[in-house]
Amino acid sequence: MKIEMRTEQFQSPSLLGNLLRKLHVDIPLFLILILICTLSFVILYSAGGQNEALLMRHASRMGLAIAVMIVLAHINPRRFQSFSVAFFSLCLLLLLAVAVMGQISMGAQRWLDLGFFRFQPSEFTKIAAPMMVAWYLSEHSLPPKPKNVLAAGILLLIPVLLIAKQPDLGTSLLVASSGAAVLFFAGLSWWFMIGIAVLLAASTPILWHFLREYQRNRVLTFINPEADPMGTGYHIIQSKIAIGSGGISGKGWLGSTQSKLDFLPESSTDFIFAVFAEEFGLFGCVGLLFLYLLVISRCFYIAVQSQDTYCRLLAGSLAFTFFVYVFVNIGMVIGILPVVGVPLPLVSYGGTSMVTLMAGFGILMSIHTHRKLLPI
Amino acid sequence: MDRLFAIKDSLAENRIFLSRIVAAFLLILVLIAGLIVRLVYLQVVGHEHYATLSKDNRIKISPLPPTRGIIYDRHGRMLAENVPTYSLELIPEQIKDLDGTLAKLQKLLTIPDDKIEQFHKQRKRNKAFVTTPLLQNLSDEDVAKFAVVRPYFPGVDVYARLVRHYPYGELAAHVVGYVGRINEQELKTLPTAEYRGTDIIGKNGIEKSYESQLLGTAGYEEIETNAQARAVNTVATVEPIAGSNIYLTLDIDLQKIAYDALGEYNGAAVAIDIKTGGVLAFASRPGFDPNPFVTGISYKEYKALRDSPDQPLYNRALRGLYPPGSTVKPFIALAGLEYGVIDYRHRLFCPGYYQLPNVKHKYRDWKKGGHGMVDMNDAITQSCDVYFYELAMALGIDRLSEFMHRFGFGEKSGIDLVGEVSGLMPSKNWKRSHRNRPWYPGETVITGIGQGYTQVTPLQLARATAILANYGKVITPHLVQEIITPDYATPPELLPDREIPLMKQHVDNIITSMTNVVHGYRGTAGRISKHINYQIAGKTGTAQVFTVKQEEKYNEDAIDFKMRDHALFIAFAPVHDPKIAVAVVVEHGGHGGSIAAPMAGDIINAYLSPKEAPHED
């Protein structure tokens, strides 16, 4: 016999709390996210040259993203599970359509134009891929057998290659890591992972051969930024100056000179962390990293608390992918990773990734708030 | 089985998952610690170093974009130029009272309100300390007016900008192409160094094919700025090098005549200099105005062009694929002579239809009742279909196809324009590998009159005609005559000359017959022979767009315009000293002789006996 009961229903008399609970919103996660979003306005105001219109557009996108999150939180995770295959197949179709249409128009190959609506299918794939792999693995016994790992790997490789061909290396890496995370949480054997790592290391020279000219340049610039001070190396040099000159306590809000004087390119988008570091110093940076860690911790907590394999794997993967976002972006800005186009999650200006991220949190909230108390 | 295991192992599963979450969390902690270590290294250890760099970060490198090369026609008339336009631009961050300043400027220069609105929109989109245009295309008078009061308007200035302009608009759009803003895709793959400070790139036509020559080399300026990012002093300058100027073989007057000759029809006309292969006219109708593309065409305008049923963006001369119809007959006749399967004087009987042995199907002649006894000359001048049905069968598809390939059918001509297509000259091998079907004799029959699988471009037709007029000397059509750089002039690279071995007597025969098409008593293009003091050799063609059923009569008036035949004409002149080869394709024009031939006549006449005094070269 199952007793259906919503957790945490016994506490909190507050009206807002009640409302949020009715909406299936996880309050701790929601509060941290709102805090980071608020912070993003503060930084963006400074990084964007105190441009109010920019903030308005940021706000409208954020509003949309939060709305998507709340809607998804409301849907029962069983629905997600049963839609996984269809959603993933749809994404593959859309990616193929983009590839074909791009071929015809000989132009940019990321956007799909439906006439009234333009969007990037690769964004959807960031969620569809872990959903698909989680669904597939949860249908079989865990830890996954080699043939299941192989099948999951192939499933994953199709969208990754399609996106990499667009070419959008950043997104394809994120999709790959979200799927790999599912496999990891499912209990992929350590020996297998070590084997893959060795294989990858061994095939680096071959991969190098397949990279495009500009991608190679990025890697070369990463190794030696001074080699091309006017080109890609410029970003890294200038962002290091911005971060380093911020010192321990920073130059204060609106006090950054690097972006103000236009030395730092892409200061509102991919390189916004440099502005943050310049203005708020080491203390600010550690604080922001702590906030991100809180988000990840809460998500991991949700994953551990979840009650079936599918939810667990999906939650773990979404949480880990969020971290990959943070790490790849900050790593790139502080010069320990090559420049790939990944925004700082929830902070960078730029709409599409914000919606996908919030959608991921919506799913996590749904997983958490639709639990059932099982008799032991 | 799997299911059972799953239930049994759910505890073990839980344990594994928990251990993996712990492992992942530890990994995350380690990596975050790594980030913090790096931050400490930059912000604590390296702080002094970077703080100094930041303070000294006053030298800005600002790129100086090169001037794009100019495109001329063969007589030095500008087809693509750079027009200086003055624009009034503001740096909002340097203006204390923006609204007041705008009001004063509005009074001074009579700026319409919508420009102010547009300015505000643009300003919100721009980064800080970037100039935002308020008024473009300033008159000299306005520039002078502003110059007087300039000191009272800090943060406001007049800038001279060069904007690409195509004075001949739609006339040469398909040849010259156009430039446009560099898009996201191009940005990713372009060499950043060369495109520093440039935000436009050749998108089509010569502008694209010769992008690297037209572009030039960027220079840069090292500027010392003060704390407000205002330039105080230029430390060093590396001047940009302008792009090369390009002279085309195109004659814009002839281009206009070709374009106008097509009238309201959709179609293409190509004229080639027989001796050099230089393209004299390359018209594709309808055209489009390339100028809106330069500053960024609106999506609505672009959509209208893209979705128009007439497809103005489609370069018909280069990429249009048409069944050649009877225009292939001179070449097939030549193949017959060269392979020795038929004699020039040999006569056949044309009853008005042709039948394969033991097959009921009748391949009809365009002339009901037939042409009676015809030799090769009659067959070409009157365009007898039955003669060529038989000739094609006698040659066989593979010999026919191979011979046509030598004249460039089914192959790219090698013209210096991007996007050329190769068309199709079918063979048994082609059908086996592309259609996975055997070749049927009936297909050989209709290939003999340029129907069936055969597809050619207007450019290929003109080139083949020029090769014939040259007695087999193969030319490569090209548009660029000369590339003028500041230091030296480079002629464009051409494919090495080739020659198709042909018997002179055979070519003479074909040319005589083609001359009869125009000047003969029963020639199908007789109407263009009047009032000219030289001779034209030509061949008409009428290409079926849809198939008329057996025993059904083709009635021109009764069928929809879109189903009407394409009209074609190929020609060269003067016959005894060939200078120009022309191919005209008129979509749904009806008959080659009555529609396409007079257009070609206009082009040839304009080239050989120009009405006005010739331009000084």
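## Contacts and nonpolar cores

Analyst: Apart from residues within four places of it in sequence, B:A269 is in contact with B:A258, B:A261, B:L262, B:A281, B:A283, B:V582, B:V584, B:M599 and B:I603. The model is predicted: local features need pLDDT of at least 70, side-chain atom pairs count only at pLDDT 80 or more, and totals for chains, interfaces and linings use all residues. Residues are numbered from 1 along each chain as its sequence is written, while chains are lettered from A and ligands numbered from 1 in the order in which they are written.

User: Which residues have the most contacts inside the largest nonpolar core, and what makes a set of residues a nonpolar core?

Analyst: A nonpolar core is a set of buried Ala, Val, Leu, Ile, Met, Phe, Trp, Tyr and Cys residues joined through C-beta atoms within 7 Å. A residue is buried if 20 or more other C-beta atoms lie within 10 Å of its own, exposed if 12 or fewer, and partly exposed in between, with C-beta atoms placed from the backbone. The largest core has 131 residues, and those with the most contacts inside it are B:A269, B:V270, B:A271, B:A281, B:V582, B:V584 and B:I603. Helix 23 of chain B gives the most to this core, with 9 residues. Another core, of 113 residues, lies apart from it and includes A:L20, A:L142, A:L282 and A:V326. In soluble globular proteins, nonpolar side chains tend to be buried together.

## Burial and exposure

User: Why is A:L254 called exposed, and what is B:H588 called?

Analyst: A:L254 has 12 other C-beta atoms within 10 Å, so it falls in the exposed class. B:H588 has 17, so it is partly exposed. Phi is near 70 degrees at A:L254 and near 55 degrees at B:H588. Most residues other than glycine have a negative phi. A:L254 lies in the loop between helix 11 (232-246) and helix 12 (272-305) of chain A, and B:H588 in the loop between strand 23 and helix 23 (592-608) of chain B.

## A helix and a strand

User: How do you know on which side of helix 18 of chain B the buried residues lie?

Analyst: In helix 18 (residues 397-406) of chain B, the buried residues are B:I397, B:L400, B:S401, B:F403 and B:M404. They cover an arc of only 165 degrees around the axis, and therefore lie on the same side of the helix; the arc is that of the directions from the helix axis to the C-beta atoms. They pack against helix 15 (329-338), helix 17 (385-395), helix 19 (428-434) and helix 20 (441-447) of chain B.

User: What makes strand 22 and strand 23 of chain B a pair?

Analyst: Two strands pair if DSSP finds at least two bridges between them. Strand 22 and strand 23 of chain B have 7 bridges in the antiparallel sense, so they qualify. They form a hairpin with 6 residues between them, and B:F572 stands opposite B:A581 in strand 23. Strand 21 (residues 537-543) of chain B also pairs with strand 22 in the antiparallel sense over 7 bridges.

User: Why is strand 22 of chain B called mostly covered?

Analyst: In strand 22 of chain B, 8 of its 8 residues are buried. B:H566, B:L568, B:I570 and B:F572 cover one side, and B:A567, B:F569, B:A571 and B:A573 the other.

Definitions and conventions. Helices (H or I, at least four residues) and strands (E, at least two) are DSSP runs, numbered from the N terminus. Two residues are in contact if their C-beta atoms, placed from the backbone, lie within 7 Å.
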